[in-house]
Amino acid sequence: MIFRGSIAHFPKVSTSPKDDIVYLHDGAIVVENGKITAIDDYKQIQQTFPSMPLTDYSGKLIVPGFIDSHTHFPQTEMIASYGEQLLAWLAEYTFPTELKFADKSYSEKMAGHFIQQLVRNGTTTALAFSTVHAHACNALFSAAAKRNMAMITGKVCMDRHCPEDLQDTPELAYQESKALIEKWHGKGRSLYAITPRFAPTSSDEQLQALGKLASEYPDVFIQTHLSENKDEIAWVSSLFPHCSNYLGVYQHYGLVRKRAVFGHCIHLQDEEWQALSSAGATVAFCPSSNLFLGSGLFDKQTADKYQVQQALASDVGAGTSFNLLRTYGEAYKVSQLKGQAIDPLQGLYMMTMGAAAALELDKDIGNLNPNTFADFVVLEPHFNSLSTLRINDTSDCADTLFALSIMGDERCINQTYIAGIAQLGTNKTVEEPVN
Ligand code: GUN
Ligand code: ZN
């Protein structure tokens, strides 16, 4: 199948997305067996593949599927819960919600809702926290696998400072995580992330067990939280007096490396930035969450200075939207307050190729190069009367993306493709896949 439209992507790793974007005003991609096999100007593609069927998205913008580098699947239902900062918010809303996932069938139902929200918003890959329950992690992998969706998730590990029914032990955390790695990691498009929630909810023994597991599986992901809130940081320093800073706790237990993704990273010291950079780890910038919980303003300039890999993330349910374009819009506002505006092409990079490269997945996703999976999104610049006034023939790719990021929501997602299969039905319904 040929897909025609305006096309934008970053074919290679870039430190200057403005210079490295490829934009085809009247472009086309060829999709065969779930993969992209060609990308070029439409005229060229038409000549090369004269009898191939066409889906015509002229007037719309095709970009790679979005990658959400830090989110929480069980928190879908508690998005927009009022009035607390991080530690009180966890106790008041998050832990009670996650307790409901002790019920396996509830977990399965909510995994379906989560994936529906992702695809409605153009997200084709997520690095998602599950709950402490192994069956919830299984539920998310299963729901994603039915769509052939690249999902990275892991069972949350916590053995203290949370309700007893959400606690595992060092041994259980190790054994259950290991069994889930064996069951899912690298099977189809599923990938596993070792998931200590954050330092305060894991004992030394548990972090040690997870460090051992990480050393046994050098290519699995690691996801956790780092330096989000000032009270949290003070708590970590009282719990781990032998570590010189927050990142030092994760370093001590061998949890800082490539494919380790640290959510937030707002209040880091220079040594922590340096250590993240040297390790090739990734920070997930979660602007809507950081504003919502009043956590602080991410310092992108310092992250850039230390050449730390960065990806954009929703952090639902502290984050206020599943939509990564909108999340970039919030990142832009944070960057304005810091006096360091992030341009929209940088934003697109951080939700596509930048994230894929940071996660070492750019051979498969994050761009529209031949041989990658056909995970892509069709954006509708004219999703309402105001966007029709604002976005016109004089708008270039950056301007269109910017306006959509500030004004848009799931209405600007015309279609989401995963491995070449359209996910949205009429009226944007998301059907359960049948296989
Ligand atoms: N820190 C530890 N757990 C969480 C969580 O669920 N959300 C956020 N935003 N921060 C956390
Ligand atoms: Zn989070």
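**Exercise 1. The ligand shell**

Which residues are around ligand 1, and how do they divide by class?

Solution. The model is predicted: local features need pLDDT of at least 70, side-chain atom pairs count only at pLDDT 80 or more, and totals for chains, interfaces and linings use all residues. Residues are numbered from 1 along each chain as its sequence is written, while chains are lettered from A and ligands numbered from 1 in the order in which they are written.

Next, sort by class. The shell holds four nonpolar, four polar and three charged residues. Here Ala, Val, Leu, Ile, Met, Phe, Trp, Tyr, Cys and Pro count as nonpolar, Asp, Glu, Lys and Arg as charged, and the others, Gly among them, as polar.

Last, find the main contributor. Helix α3 (residues 86–99) gives the most, with three residues. Helices (H or I, at least four residues) and strands (E, at least two) are DSSP runs, numbered from the N terminus.

**Exercise 2. Two partners of α13**

How do helix α13 (residues 324–337) and helix α14 (residues 344–351) cross? At what angle do α13 and helix α17 (residues 397–407) pack?

Solution. Take α14 to begin. Its axis and that of α13 come within 10 Å and cross at roughly 130 degrees. Axes are lines fitted to C-alpha atoms, for helices over the stretch in contact, and angles run from 0 to 180 degrees between N-to-C directions. The pair is therefore oblique. Angles under 35 degrees count as roughly parallel, over 145 as roughly antiparallel, 65 to 115 as roughly perpendicular and the rest as oblique.

Now the residues. Leu-324, Tyr-328, Ala-331 and Tyr-332 of α13 touch Pro-344, Gly-347 and Met-351 of α14. Contact means C-beta atoms, placed from the backbone, within 7 Å. Six of these residues are nonpolar, one is polar and none is charged.

Turn to α17. Its axis lies 7 Å from that of α13, at an angle of about 90 degrees. That makes α13 roughly perpendicular to α17. From α13, Leu-325, Arg-326, Tyr-328 and Gly-329 meet Leu-404, Ser-405 and Ile-406 of α17. This contact has four nonpolar, two polar and one charged residues.

**Exercise 3. The α4 and α5 pair**

Which residues of α4 and α5 meet?

Solution. Helix α4 (residues 104–120) and helix α5 (residues 134–146) pack at about 40 degrees, with axes 8 Å apart. They are therefore oblique to each other.

List both sides. Lys-104, Ser-107, Glu-108, Ala-111, Gly-112 and Ile-115 of α4 meet His-135, Ala-136, Ala-139, Leu-140, Ala-143 and Ala-144 of α5. Seven are nonpolar, three polar and two charged.

**Exercise 4. Backbone checks**

Where does Gly-317 lie, and where does Ala-80 lie?

Solution. Gly-317 is in the loop between β13 (309–312) and α13. The peptide bond from Val-316 to Gly-317 is cis, with omega near 5 degrees.

Ala-80 is in the loop between β5 (66–72) and α3. Although not a glycine, Ala-80 has a positive phi of about 65 degrees.

Definitions and conventions. Two residues are in contact if their C-beta atoms, placed from the backbone, lie within 7 Å.
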